[in-house]
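Reader: I have a model open and would like to go through some of its contacts. Could you take me through it, beginning with a single residue?

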Amino acid sequence: MSSEDLKVAVLHHLHYSLGKDLPNATTYDIRMALTLSVRDRIVTPWFEATRATYAAQAKRVYYLSMEFLIGRLLEDAITNLGLMDAARAATEALGFDPVAVVADEPDAALGNGGLGRLAACFLDSMSTLGCPGYGYGIRYEHGLFKQSFDAEGRQLEAPEDWLRQKHGWEFARPEAAFTIGFGGAVHEEGARAVWTPADAVIAQAFDTPVIGWKGRWANTLRLWGALPLEGFDLAAFNRGDYAAAAEPEALARTISRVLYPDDTTERGRELRLRQEFFFTAAALRDILRRHMASGLDLPALPRHAAIQLNDTHPAIAGPEMVRLLHDDHGLEFADSVEIARACLGYTNHTLMPEALERWSEGLMAEVLPRHLQIIARIDEAHARAHPERRSAILGDGEVRMGELSFVMAHKVNGVSALHSDLVKSTVFADLHGLHPDRIVNQTNGVTPRRWILGANPGLSRLVTEAIGPGWIDDLEQLQRLEPFADDAGFIDAFARAKRDNKAALSDWLRETQGIAVDPLAMFDVQIKRIHEYKRQHMNMLETIALWNDMRDDPGADWVPRVRIFGGKAAPGYVMAKEIIHLINSVARVMNADPATQARLRVVFAPNYNVSMAERLIPAADLSEQISTAGKEASGTGNMKFTMNGALTIGTLDGANVEIRERVGAENFFLFGMTAEEVDARRAQPDHAAQAIAESPRLARALEQIAAGAFSGGDGGCFAGLVENLRHHDYFTVCADFDSYAEAQRRVDAAYADPKGWIRMAVLNTARSGWFSSDRTIRGYMADIWGVAPMI
């Protein structure tokens with residue numbers, strides 16, 4: 001499609017779809033007209049892919065996830081269709097800035113972190129590889145929340161407003177709607193159980209096409225919005241009871257309003273369970289409808305449907321599938337269980353038992369009474385088959401969704417080699433012993449179309465000039481860059497691309513955050529959701545210690561650093577919110593210190609999202625992957641940084657292990673204890689106090705926080721955080737501190753040699769090809785789903 005053809009299409013939509021003419025058009029109008037024009041180009045391969053799948057009666061993948069962090073879609077679609085140059089020229093010809101037009105699109109507020117970004121990468125790779133499938137999730141009106149900070153640096157939460165504008169990519173599907181019930185009672189009709197829900201909502205589908213590289217195949221992201229069974233109550237309205245008149249709609253929409261509502265209350269936990277059942281039940285009914293409409297019988301379902309559960313949020317899929325097959329369609333219970341298990345796969349994302357969802361039996365009985373009965377039968381059957389088992393789905397008044405997911409899946413996968421091994425030996429050790437062939441590994445990956453080609457055009461051009469464009473859909477071709485690590489001209493060009501990205505980020509930080517940073521300084525970046533195990537507070541303690549060192553020895557040749565943070569804390573996670581408060585409090589003091597402000601700056605950019613990541617990652621020199629060993633399942637941010645030529649400082653945790661193996665130990669700044677050493681250290685009484693006593697720099701930093709050095713003299717401001725570190729420190733921040741600080745000094749020494757640093761950065765990029773989500777999806781297709789590509 002030429003730029004002239006695209007310009008004509010934009011003008012057509014501007015006039016006929018938006019009712020505007022060019023002289024009166026805004027950036028929003030041009031963005032929407034361009035979106036509709038590009039969408040038109042996607043519809044044909046989208047429909048053709050659907051027809052081809054039906055005609056071949058091919059097996060489809062159904063990916064169920066609470067999150068799909070898809071970010072902005074316009075640039076993604078233009079990139080995959082090969083329309084970037086045409087879109088730029090057409091937009092400029094119409095008198096608009098292409099960068100501003102793309103930036104006008106709000107990030108879709110459909111996720112929070114790695115779980116949702118992984119799901120989005122997987123959809124891109126499935127479409128690129130021609131793996132027929134659907135993504136199923138919830139169409140959140142307000143997402144997680146929009147983050148800002150108050151004057152003291154504390155996190156504030158406001159609703160996301162991404163749907164205030166028309167969402168140009170989605171198609172409402174009122175014909176794809178299902179009634180989803182909750183509560184009520186179960187009674188027997190002969191030998192058949194009948195569930196009569198007490199209340200219900202309608203799940204209506206909204207479809208977004210996901211186009212693959214070169215536009216050869218497109219799949220569907222189907223999100224469910226909740227609507228009331230009965231709309232506006234006119235009788236109540238006429239009585240003057242306006243709140244009651246709108247109540248049915250308000251209660252129904254609550255289900256699809258917010259991602260991860262605060263579950264520290266019983267009402268919050270009930271809403272979470274309703275959300276999870278809502279989208280899972282709608283997805284399964286849609287899958288069965290599609291299967292039966294193709295003239296296929298239900299026992300054949302596993303040959304035509306692979307259903308992947310992304311974490312435990314859709315774990316209710318097992319009991320719900322059994323209920324549909326047994327109660328609604330009359331299959332034998334045991335047969336229904338086997339059919340469901342043959343369809344279902346489960347991806348585990350955590351080694352923390354507390355993060356594997358558990359619901360009280362009382363709540364499950366109240367919200368899903370028939371499903372509790374089915375879960376009990378599944379658990380009993382598993383116990384009869386394996387009388388030696390030690391773990392159960394039901395116990396201590398709880399329904400354990402991790403165990404349910406494992407028992408009801410034919411394959412369970414971890415998301416890095418280390419993580420999969422630890423899944424076998426820790427959280428599911430008993431079940432692994434009973435089912436030794438069930439757990440497999442599929443190391444995560446990310447899409448290079450988004451995270452190099454789209455996010456880092458300077459680096460993309462350099463790589464393509466060096467080795468050609470084949471790397472875009474065959475990322476392991478990046479290994480052909482290795483000889484260029486010793487090419488002076490390439491080294492200079494690589495450094496120039498990094499400097500340009502850092503300069504652009506510096507400009508953005510000045511314009512949006514009001515803080516000036518030196519693009520020649522090291523950009524040291526930690527961006528991820530805020531959690532104690534990710535140890536943003538260890539980073540901050542080392543920052544305080546470094547600040548002290550600089551003040552104590554101002555004449556030393558310190559490497560200038562900008563420490564950049566981004567991430568959100570769950571609304572009910574008090575300690576994570578205190579970590580944010582600490583970072584911002586420290587930043588306020590350090591950035592105003594004339595003795596160090598030219599050498600050390602701290603920035604926390606609020607409301608971290610995909611678009612912000614696309615700015616930060618290409619500009620990063622150092623990637624902070626410092627989680628407690630044994631706690632991070634994989635990580636995907638670590639892969640994005642590596643691809644973009646940032647060096648990693650990290651522990652032997654998650655995919656860090658494989659990144660270090662691939663890029664070379666000499667190109668990775670390793671520190672800290674192993675997972676086994678963490679367990680041994682944690683078993684020692686007073687391990688935190690001992691570590692603090694052995695580390696004067698750490699002790700001094702903690703004492704400064706406790707004395708109010710960063711809180712205007714208020715010694716109690718961070719008392720909870722300091723108390724936790726001094727006397728508990730489950731995530732071994734104190735025990736790992738000195739090793740982390742020593743690794744940071746190795747980072748300083750390496751950065752002081754610019755040519756050597758860039759050589760290491762080039763090798764990181766060159767050896768990152770294995771971390772493409774295309775490779776990951778090929779693994780799922782072969783080892784779990786049994787699906788063949790259609791292109």
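Author: Let us begin with Ala120, which lies in helix 6 (residues 114-129). Helices (H or I, at least four residues) and strands (E, at least two) are DSSP runs, numbered from the N terminus. This is a predicted model, in which local features need pLDDT of at least 70 and side-chain atom pairs count only at pLDDT 80 or more, while totals for chains, interfaces and linings use all residues. Residues are numbered from 1 along each chain as its sequence is written, and side-chain values use heavy atoms, with hydrogens and water left out.

Reader: Is Ala120 buried or exposed?

Author: Ala120 counts as buried, at 8% relative accessibility. Buried means under 20% relative accessible area, exposed over 50%, and partly exposed in between (1.4 Å probe, protein chains only).

Reader: What is Ala120 in contact with, leaving aside its neighbours within four places in sequence?

Author: Ala120 then touches Phe68, Leu69 and Ile70, where contact means heavy atoms within 4.5 Å. As for Arg384, which is 264 residues apart from Ala120 along the chain, the two C-alpha atoms are separated by 40 Å.

Reader: On to helix packing. At what angle do helix 20 and helix 29 pack?

Author: Helix 20 (residues 536-552) and helix 29 (residues 733-751) pack at about 55°, and their axes are 10 Å apart. Axes are lines fitted to C-alpha atoms, for helices over the stretch in contact, and angles run from 0 to 180 degrees between N-to-C directions. The two helices, helix 20 and helix 29, are therefore oblique to each other. Angles under 35 degrees count as roughly parallel, over 145 as roughly antiparallel, 65 to 115 as roughly perpendicular, and the rest as oblique.

Reader: Which residues of helix 20 and helix 29 meet?

Author: From helix 20, His537, Met538, Asn539, Leu541, Glu542, Ala545 and Leu546 meet Val733, Asp736, Phe737, Tyr740, Ala741, Gln744 and Arg745 of helix 29. The residues of this contact between helix 20 and helix 29 divide into 8 nonpolar, 3 polar and 3 charged. Here Ala, Val, Leu, Ile, Met, Phe, Trp, Tyr, Cys and Pro count as nonpolar, Asp, Glu, Lys and Arg as charged, and the others, Gly among them, as polar.

Reader: And how do helix 27 and helix 28 cross?

Author: The axes of helix 27 (residues 696-706) and helix 28 come within 9 Å and cross at roughly 150°. That makes helix 27 roughly antiparallel to helix 28. In this contact, Leu702, Glu703, Ile705 and Ala706 of helix 27 meet Val722, Leu725 and Arg726 of helix 28. The contact of helix 27 with helix 28 divides into 5 nonpolar, no polar and 2 charged residues.

Reader: Where is Ala719 found?

Author: Ala719 is in helix 28 (residues 719-727). At 38% relative accessibility, Ala719 counts as partly exposed.

Reader: Changing topic, how many salt bridges are there?

Author: The count comes to 57 salt bridges, a salt bridge being a side-chain nitrogen of Lys or Arg within 4 Å of a carboxyl oxygen of Asp or Glu. One of them pairs Glu141 with Arg257, whose closest N and O atoms are 3.7 Å apart. Glu141 is in the loop between strand 2 (133-138) and strand 3 (146-149), and Arg257 is in the loop between helix 8 (242-254) and helix 9 (266-293), 116 residues apart.

Reader: How accessible are Glu141 and Arg257?

Author: Glu141 counts as buried at 15% relative accessibility, whereas Arg257 is partly exposed, with a relative accessible area of 23%.

Reader: Which parts does the salt bridge of Lys755 with Asp492 tie together?

Author: The closest N and O atoms of Lys755 and Asp492 are 2.6 Å apart. Lys755 lies in helix 30 (residues 754-766) and Asp492 in helix 19 (residues 488-513), so the pair ties together parts that are 263 residues apart in sequence. Elsewhere, salt bridges that share partners join Asp524, Glu542, Asp549, Arg561, Arg563, Arg697, Arg745 and Asp748 into one network.

Reader: Lastly, which residues of helix 11 are buried?

Author: In helix 11 (residues 333-343), the buried residues are Phe333, Ser336, Val337, Ile339, Ala340, Arg341 and Cys343. What covers them includes strand 10 (305-310), helix 10 (317-328), strand 11 (344-347), helix 13 and helix 14 (401-407).
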